[in-house]
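Visitor: I am new to protein structures. Could you show me how to read one, feature by feature?

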Number of protein chains: 2
Amino acid sequence: MRVLGVDPGLTRCGVGVVEGVPGRPCTLVAYHVIYTEPDEELPLRLLHLDTELARLVAEYRPESVAVERVFSQHNVRTVMGTAQASAVAVLAGARAGLPVQTYTPSEVKAAVTGSGQADKAQMMAMVTRLLRLDAPPRPADAADALALAICHIWRGGTRARLAAAASAVRQRVAAQRSAAKRQGGTG
Amino acid sequence: MRVLGVDPGLTRCGVGVVEGVPGRPCTLVAYHVIYTEPDEELPLRLLHLDTELARLVAEYRPESVAVERVFSQHNVRTVMGTAQASAVAVLAGARAGLPVQTYTPSEVKAAVTGSGQADKAQMMAMVTRLLRLDAPPRPADAADALALAICHIWRGGTRARLAAAASAVRQRVAAQRSAAKRQGGTG
């Protein structure tokens, strides 16, 4: 599974593309940071972000997109820009017909380090190790985007296994009911 | 000048199209409210909003787009959705190659009623009067979008007049300097 992760930001937007299957080491495909000028007007900044994200989606052809869910406790001024950048990222995935999933920072930290309270350095170290890189990806926005992609691959796997297990249970129950029905002649 | 105003919202997004020139009564072209289901997933909601806005821009061919600037003092949960909807609206205008301007609610109220503290009823009454409608536009989201479009037409006019006045002053100063230069032989 190839996943494009996005750490949304208006000034710096991290994008990381990772390939892998649940529970096994992932492989780095690429990472980028999209920059927009703070002096530039909002429409041009959002348009630049949209164009670049569409280009990266077309170039790397991911099967799904993972975007960091925006958090409300941040600085209010920053959070507005982040919310707008995240909308552009979610839309870029949806426009390309891809499934888009959002994750909170804690979910990503827990998936990658085992702890929802992991710090930046710990996250960077784990992303470097999990992708078997020689050096940590820079800048940090790119590392966060890669962590999102890893989180999506692994959690997607967990979800897929849970869904498969639930489906197996349902099938077993249905089979038992059918058997009971055949034996007793009632439903 | 034809302006498409957007009162951004994720659940209800008001769109109003108005034609006019600064300082004169405007003419209503159309208004709509785009709804998205709160139960629906975010990517589908943003995609629906994007598709509908692109359709309205293509249908009404405005010369510019006016979007309400998102305010931070609102409920934080609501404001995230509003910020994301506003990003989609700003982007829809930018993608169509149109100039996009944002206005705070106070700017819109001041432009339409003369007071930045006007209430909903006063705004609705003024929009109805300014567009010479028989009845107030419903729902309120549509009225707010129409007010944004009116604000943009009138303020755009003010800006254009100020720019023209400033340009005239600069030209006069330049002409005086040239005249002085010709008389005295120095700059």
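Guide: Start with a term. A salt bridge is a side-chain nitrogen of Lys or Arg within 4 Å of a carboxyl oxygen of Asp or Glu. Keep in mind that this is a predicted model. Here the side chains of A:Asp50 and B:Arg95 form a salt bridge, at 2.4 Å from N to O.

Visitor: How many salt bridges does the rule find across the interface of chain B and chain A?

Guide: Two. The rule also finds four residue pairs in polar contact across this interface.

Visitor: Which helix of chain B gives the most to the side that touches chain A?

Guide: That is α2(B), with 12 residues. By class, this side of chain B has 16 nonpolar, three polar and two charged residues.

Visitor: How do I read the size of an interface?

Guide: It is often given as the accessible area lost when the parts come together. Chain B and chain A bury about 1,900 Å² between them. Of that, 76% is on carbon and sulfur atoms. B:Met80, B:Leu91 and B:Arg95 supply 27% of the area that chain B buries against chain A, more than any other three residues.

Visitor: And how do I read a helix?

Guide: An α-helix has 3.6 residues a turn, so residues three or four places apart point the same way. Take α1 of chain A, residues 42-60. Its buried residues include A:Leu46, A:Leu49, A:Asp50, A:Leu53, A:Leu56 and A:Val57.

Visitor: What span does α1(A) reach from its first C-alpha to its last?

Guide: 27 Å, close to the 27 Å expected for its 19 residues. Next comes A:Arg61, with a positive phi near 40°.

Note on methods
Residues are numbered from 1 along each chain as its sequence is written. Chains are lettered from A and ligands numbered from 1 in the order in which they are written. This is a predicted model: local features need pLDDT of at least 70, side-chain atom pairs count only at pLDDT 80 or more; totals for chains, interfaces and linings use all residues. Side-chain values use heavy atoms; hydrogens and water are left out. Helices (H or I, at least four residues) and strands (E, at least two) are DSSP runs, numbered from the N terminus. The expected span of a helix is 1.5 Å times one less than its number of residues. Buried means under 20% relative accessible area, exposed over 50%, partly exposed in between (1.4 Å probe, protein chains only). Buried area is the accessible area (1.4 Å probe) that two parts lose on being put together, summed over both. A polar contact is a pair of N or O atoms within 3.5 Å; within protein, one must be able to donate a hydrogen and the other to accept it, and residues adjacent in sequence count only if both atoms are side-chain atoms. Ala, Val, Leu, Ile, Met, Phe, Trp, Tyr, Cys and Pro count as nonpolar, Asp, Glu, Lys and Arg as charged, and the others, Gly among them, as polar.
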